[in-house]
Amino acid sequence: MPELFWKLIAGVAGFLAVATVTGAILAARPNGKSATIVNLNERIRAWWGMVAVMAIAIGLGETATYVVFALLSFLTLREFITLTPTTPSDHSTLFLAFFVAVPVQYILLGINWYGMYSIFVPVHLFFAMSLVSALTQDTRDFLSRNARINWALMVCVYGLSHAAAFLTLDIPGYRGQNALLLFYFLLVVQISDVLQYVVGKLFGKRKIAPVLSPSKTVEGFVGGGALATLCGAALYRITPFGFGAALGMSFAIVLAGFIGGLVLSAVKRSLGAKDWGSMLAGHGGMLDRVDSICFAAPVFFHLVRFVYV
């Protein structure tokens, strides 16, 4: 593991330490029990846990990283399916989703079979699961039921797995440093979420889609997204990109992540839910925290692979 990786983790830990102290000071003030401050401190505590898990997993090597992301896929898939109406006749299809799709996708990553892990879920499983559903002969709401399960797979397994897929890239002049690329991606996509939230709280006035996500504002997206893009460009030295390319790549991550958050907010609202779950205090469910990653990871992965591999 590159020494720079641990320096970056130390930098993130230092930032979180400052945020923790700031949150404690705000909580001690007369208005410290306000919903905004309470939510802020919950988010900071959740961030400590998430950063620790990712740092340990990536630090232990590729296998541990694949296992952690497979677990994340399983948990987010469970959250998605829990909110999605299913019937007893869907049990066989759901078995394929949880106990075939998740492990096989990450095994394919582990053996670096690009030609298969890039099409396994959207092609092979799509047809296999459709066939299994058809053989139950339950035609009630057949198309909608299968579409929901396939949507869940595309987001929670296919999309999310592409973050771990950065470890499979063989980039000339960058060998042995792929963990830094994964760290870079996670940092940009998550700091974009944070900065859009903060800028939106401070300066947001014009809501982008108030029915879908009342907290997303034009000012938050433009201001927070621009700051996150600049942060990504400033970190170009830990990537195989130059400054200009890092600027473009980080913009693509920010844009795709924003789209992911907005689209999955629409899915939640259609299911009558505010959050995907309650696993992470201050964040909602696990999928609420990684929704941006699920959309941004395939975009960033294929951009890098097309241009640099």
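1. In which helix does L108 lie? L108 sits in helix 4, residues 91-110. Helices here are DSSP runs (H or I, at least four residues), numbered from the N terminus. This is a predicted model: local features need pLDDT of at least 70, side-chain atom pairs count only at pLDDT 80 or more, and totals for chains, interfaces and linings use all residues. Residues are numbered from 1 along each chain as its sequence is written, and side-chain values use heavy atoms, with hydrogens and water left out.

2. Is L108 buried or exposed? L108 is buried, at a relative accessible area of 7%. Buried means under 20% relative accessible area, exposed over 50%, and partly exposed in between (1.4 Å probe, protein chains only). Setting aside neighbours within four places in sequence, L108 contacts W113, M116, Y117 and F120. Contact means heavy atoms within 4.5 Å. L108 and F120 are 12 residues apart in sequence; their C-alpha atoms are 9.0 Å apart in space.

3. Next, backbone angles. Most residues other than glycine have a negative phi. N112 is not a glycine, yet its phi is positive, about 60°. N112 lies in the loop between helix 4 and helix 5 (114-117). Its relative accessibility is 40%, so N112 counts as partly exposed.

4. Q137 also needs a check. This residue has a positive phi of about 60° although it is not a glycine. Q137 belongs to the loop between helix 6 (120-135) and helix 7 (142-164). Its relative accessibility is 69%, so Q137 counts as exposed.

5. Now the packing of helix 1 (residues 3-28) on helix 8. Their axes are 10 Å apart, at an angle of about 20°. Axes are lines fitted to C-alpha atoms, for helices over the stretch in contact; angles run from 0 to 180 degrees between N-to-C directions. Helix 1 and helix 8 are therefore roughly parallel to each other. Angles under 35 degrees count as roughly parallel, over 145 as roughly antiparallel, 65 to 115 as roughly perpendicular, and the rest as oblique. L4, F5, L8, I9 and V12 of helix 1 meet A179, L180, F183 and L187 of helix 8. By class, this contact has nine nonpolar, no polar and no charged residues. Ala, Val, Leu, Ile, Met, Phe, Trp, Tyr, Cys and Pro count as nonpolar, Asp, Glu, Lys and Arg as charged, and the others, Gly among them, as polar.

6. How do helix 8 (residues 178-203) and helix 10 (residues 243-270) cross? Their axes come within 9 Å and cross at roughly 55°. The pair is therefore oblique. Y184, F185, V188, V189, S192 and Q196 in helix 8 meet A246, S250, I253, V254, G257 and F258 in helix 10. This contact has eight nonpolar, four polar and no charged residues.

7. The largest nonpolar core has 85 residues. Such a core is a set of buried Ala, Val, Leu, Ile, Met, Phe, Trp, Tyr and Cys residues joined through side-chain atoms within 4.5 Å. Helix 8 gives the largest share, 11 residues. F69 and F185 are among the residues with the most contacts inside the core. Leaving out residues up to four places away in sequence, F69 touches M54, Y106, L160, A163, A164 and L182.

8. Finally, R269, in helix 10. R269 is partly exposed, at 30% relative accessibility. Beyond neighbours within four places in sequence, R269 contacts V211, L212, S213, P214 and K274.

Key
Helix = DSSP H or I, 4+ residues; strand = E, 2+ residues; numbered from the N terminus.
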